[in-house]
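This briefing covers side-chain contacts in one protein chain.

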Amino acid sequence: MTTSPVSDPRAARRCHNMLNPFHSMHYFSPDLGKELGAIGITHRSAAYFAARAAAMGAVGAGTVTATFYNFKHELVAEHVPAVWETASPETVLAARARAVDSTLRRLLGDEIVASPEMAEAATLALRATEACTRHARPLFAGHADLPVPEEPHLAFWHAATLLREHRGDGHLAALLAADLDPVEALVSHVATGKGMAPKWLLATRGWTREDFDAAADRLRERKVLHAQGELTELGVALRRDLEAQTDRLDREPYAHLGEAGVARLTELAGGFMGTALGAGAFPADLIGKAA
């Protein structure tokens, strides 16, 4: 396929918004807990840290905190590196692959999993990853060293993971440039109405309500939030610029794929996600401002 420039800079973000949940729905799947529990990893936080970090090897808590950005280091250190004494990264990766396979088959059905559209999506997404870069992108680079699975649905998931972590690594650089610390990043994202709801963040990131309130106070001092916690005009501009900078850092994979390819990949991934969401891939209250 001949590539062409992506004329709408938001097209790549729309594509990412379909690929990101395709990757991340396995974190909310009972299949992941089952597979990791079978190898001895039973704590929810330990399972998440292990599943996402295993591609980087038996790293320590500092590396996980640095690359995940918005988790409290003390929570990470409770489970890392001890989790690698329970199961090696290689064992974790194998368990994760089994969980992804069963999750996709359960949520999408065997017909979609084995469809020509799934194979087409895998081909397109893998083509986009050809233009990803490793420098300053540790989570992407770790996953890029893993072999591409043979089955199309797992190959597509692998490619979606690469594209998700490539954008995510760039997003961390943008957060640093915006002078947002981990909790400020969470609180300001919640204020957009597009982030994970506070109840989920407080249950999974290790921060307390007091940490969130203190971050909100700092953002009010910077005129990013109103007294009621809504984004100010400055806050709206900060979050808009943050996403635009992330778009710039992530433009090459989608430029490489080309406008037609990006549109088709978005269409295919969107169809898969529509089916998965209808099958209950994510909790109904996952996104929003409500505490």
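Is Asp181 buried, partly exposed or exposed? Asp181 counts as partly exposed, at 27% relative accessibility. The model is predicted. A search of the whole structure finds 23 salt bridges, and the count of aromatic pairs comes to 12.

**Salt bridge between Arg218 and Asp181**
- Asp181 meets the side chain of Arg218 in a salt bridge, at 2.9 Å from N to O.
- Arg218 lies in helix α14 (residues 209-221), while Asp181 lies in the loop between α11 (152-177) and α12 (182-192), so the pair ties together parts that are 37 residues apart in sequence.
- Arg218 is partly exposed, at 31% relative accessibility.

**Salt bridge between Arg264 and Glu267**
- The side chains of Arg264 and Glu267 form a salt bridge of 3.0 Å, N to O.
- Arg264 and Glu267 are 3 residues apart in helix α17 (residues 259-278), a separation of about one helical turn.
- Arg264 is partly exposed, with a relative accessible area of 28%.
- Glu267 is exposed, with a relative accessible area of 52%.

**Salt bridge between Arg164 and Glu165**
- The closest N and O atoms of Arg164 and Glu165 are 3.3 Å apart, in a salt bridge.
- Glu165 counts as buried because its relative accessibility is 1%, where buried means under 20%.
- Arg164 counts as buried too, at 15% relative accessibility.

**Salt-bridge network**
- Salt bridges link Arg13, Arg167, Arg239, Glu243, Asp247 and Asp250 in a network.

**Aromatic pairs**
- The count of aromatic pairs is 12.
- Phe22 and Phe272 form a tilted pair, 6.3 Å centre to centre with 45° between the planes.
- Phe22 lies in helix α1 (residues 10-24) and Phe272 in helix α17, so this pair ties together parts that are 250 residues apart in sequence.
- Both Phe22 and Phe272 are buried.
- Tyr48 and Phe68 have ring centres 5.8 Å apart and planes at 75°, so the pair is edge-to-face.
- Tyr48 belongs to helix α3 (residues 44-53) and Phe68 to helix α4 (residues 61-68), so the pair ties together parts that are 20 residues apart in sequence.
- Both Tyr48 and Phe68 are buried.

**Around Phe68**
- Phe68 is part of one aromatic cluster with Tyr27, Tyr48, Phe49 and Phe71.
- Arg52 lies over the face of Phe68, at 4.6 Å from the ring centre.

Terms used
Residues numbered from 1 in each chain as written. Predicted model: local features only at pLDDT ≥ 70, side-chain atom pairs only at ≥ 80, totals over all residues. Heavy atoms only, no water. Salt bridge = Lys/Arg side-chain N within 4 Å of Asp/Glu carboxyl O. Buried < 20%, exposed > 50% of the residue type's maximum accessible area, 1.4 Å probe, protein only. Helix = DSSP H or I, 4+ residues; strand = E, 2+ residues; numbered from the N terminus. Phe/Tyr/Trp six-rings, centres within 6.5 Å; stacked < 30°, edge-to-face > 60°. Lys NZ or Arg CZ within 6 Å of the ring centre and 35° of its normal.
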